[in-house]
Amino acid sequence: MMLLFLDVDGPLIPFGAADHAYPVHDGPPVAVVEHPLLTRVDPALGHRLAALGCELVWATTWMDEANAVLAPWLGLPALPVVRWPDEDGPPGPPHWKTRPLVTWAAGRAFVWVDDEIGEADRAWVAVHHPGPALLHRVDHRYGLTEADFRVLEEWLAAR
């Protein structure tokens, strides 16, 4: 099964758009006071992500908190969590997540959904990862959109 590495801030929790108000979604009761932007997460994204047929993996600094707070909000089971190395990696580019995600994938095909992916990451993965990989950058101002899901679905269908 294809891996899908999922970042939280930006892809799931949009922020920074000056041109529109963010929708507020109702979801399961969780500690929203501790996470004031959580209501920006559309709970329907959980179903959309699960329907992609990938093994979903949290690739976020939220770490285990993603399972405690976001998974129930999204209607997802607890997901594996990428454990980031304690030591600093070589200075970037690429992004500090790139090397650990390639290590985690261990040659398996993967999709990485994040708002900080750049060309240096794509170039590094192309050289250091033997399997197919889609590094999909999401606009942090809007989070995952229908256009993003079309890109993911088309890429996955071609595999």
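Which helices each supply at least two residues of the lining of the largest pocket? I'll come to that after a word on the model, which is a predicted one.

The answer is α1 and α5, the latter spanning 146-157. Of these, α1 gives the largest share of the lining, three residues. The space in that pocket comes to about 250 Å³. There are 20 lining residues, and D42, L45, Y142, L144 and T145 are the closest to the pocket's centre. Sorted by class, 11 of the lining residues are nonpolar, four are polar and five are charged.

Next, L12. This residue sits in the loop that runs between β1, 3-6, and α1, 44-50. L12 counts as buried because its relative accessible area is 1%, under the 20% cut-off. Beyond its neighbours within four places in sequence, L12 is in contact with L6, D7, R40, V41, L45, L49, W58, L74 and L144.

On to the core. L12, W58 and V111 have the most contacts inside the largest nonpolar core, which has 34 residues. At least two residues of this core come from each of β1, α1, β2 (55-58), α2 (65-74), β3 (110-114) and α5. The most come from α2, with six.

As for V111, leaving out neighbours within four places in sequence, its contacts are M2, L3, L4, F5, L134, L152, W155 and L156. Another core, of 15 residues, lies apart from the largest one, and includes L3, W112, I117 and W124.

Methods:
Residues numbered from 1 in each chain as written. Predicted model: local features only at pLDDT ≥ 70, side-chain atom pairs only at ≥ 80, totals over all residues. Heavy atoms only, no water. Helix = DSSP H or I, 4+ residues; strand = E, 2+ residues; numbered from the N terminus. Buried < 20%, exposed > 50% of the residue type's maximum accessible area, 1.4 Å probe, protein only. Contact = heavy atoms within 4.5 Å. 1 Å grid on protein atoms, 1.4 Å probe; cavity = no way out; pocket = protein on both sides within 12 Å on 5 of 7 lines; lining within 4 Å. Points joined across faces, edges and corners; volume = space filled by probe spheres on them. Nonpolar A, V, L, I, M, F, W, Y, C, P; charged D, E, K, R; others polar. Core = buried A, V, L, I, M, F, W, Y, C linked by side-chain atoms within 4.5 Å.
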